[in-house]
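Reader: Please take me through this chain feature by feature, with the general idea before each case.

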Amino acid sequence: MTPLILKSEKVYLWWSRRTIARIFQRRGCMKRTGDDHLIPVEVLRVYPYAETQQSLGLPETFMVFLKGDDTRVVAITIGRSEGQALQLAIKKIVAPRPLTHNLLQNLFEKIKGTVHKLVIHSIEDGVFHAYLLVETPEETYHLDCRSSDGMIISTLMSAPIYISAEVMEEAGQ
């Protein structure tokens, strides 16, 4: 058991990974759901998208196009920093210092965790909801995440991406 140190108001607590996982599960950060009707997709393109309201016309968002086996494509809008990080991950460009997603990748490797897949499972109010299936020597977790962060992590760790049939039906064009 490798202890993790959490600092809160000058009090140090030593908790095991399993204890922290249970806390996250109780708070709803980790959830277990079925994987019925999943469609494998891949990142087709990532485009910078300049908002028309901006006076400078600089890209503040990126459009990510995910394509499955059929002709339908799902477009997901993500933020500028996530778009840039996704492009770096796709092109396998290593930043001089670790970015946030590289830090998470390093953490997964340190705890001997494997990311098996990203599942984009639902859309609520135009927001895509996803989880990463992560396996450690102790347990397997469904980690709730933003679809943009999940795409970056799954690309960095060569994990497949899936979309639920419901999401493809609603957002696929």
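**Reading the chain**

Author: Helix α4 is followed by S158, whose phi is positive, near 55°; helices (H or I, at least four residues) and strands (E, at least two) are here DSSP runs, numbered from the N terminus. The model is a predicted one, in which local features need pLDDT of at least 70 and side-chain atom pairs count only at pLDDT 80 or more, while totals for chains, interfaces and linings use all residues. Residues are numbered from 1 along each chain as its sequence is written, and side-chain values use heavy atoms, with hydrogens and water left out.

Reader: In which loop is the place of S158, and is S158 buried or exposed?

Author: Buried means under 20% relative accessible area, exposed over 50%, and partly exposed in between, with a 1.4 Å probe and protein chains only. S158 has its place in the loop between α4 and β9 (161–164), and at 64% relative accessibility it counts as exposed. A positive phi in a residue other than glycine is also found at K112, where the value is near 60°; K112 lies in the loop between α3 and β6 (114–124) and is exposed, with a relative accessible area of 61%.

Reader: How many helices and strands are there in the chain, and in what order do the elements run?

Author: The chain has 5 helices and 9 strands, and from the N terminus on its elements run β-β-α-β-β-β-α-α-β-β-β-α-β-α. Of the 173 residues in the chain, 36% are buried.

Reader: How should I read the packing of α3 and α4?

Author: Two packed helices are described by the angle between their axes and the distance between the axes. The axes are lines fitted to C-alpha atoms, for helices over the stretch in contact, and angles run from 0 to 180 degrees between N-to-C directions. Helix α3 (residues 100–110) and helix α4 (residues 147–156) pack at an angle of about 55°, with their axes 10 Å apart. Angles under 35 degrees count as roughly parallel, over 145 as roughly antiparallel, 65 to 115 as roughly perpendicular and the rest as oblique, and α3 and α4 are therefore oblique to each other.

Reader: Which residues of α3 and α4 meet?

Author: With contact meaning heavy atoms within 4.5 Å, H101, N102, L104, Q105 and F108 in α3 meet D149, I152, I153 and L156 in α4. Helix α4 is mostly covered, as 8 of its 10 residues are buried, among them G150, M151, I152 and I153.

Reader: What does the largest nonpolar core look like in residue terms?

Author: A nonpolar core is a set of buried Ala, Val, Leu, Ile, Met, Phe, Trp, Tyr and Cys residues joined through side-chain atoms within 4.5 Å. The largest one has 32 residues, and those with the most contacts inside it are I120 and M151.

Author: I163 is found in strand β9 and, at 0% relative accessibility, counts as buried. Leaving out residues up to four places away in sequence, I163 touches H37, L38, I39, V41, L66, V74, I120 and M168. I163 and K67 are 96 residues apart in sequence and 9.8 Å apart in space, C-alpha to C-alpha.
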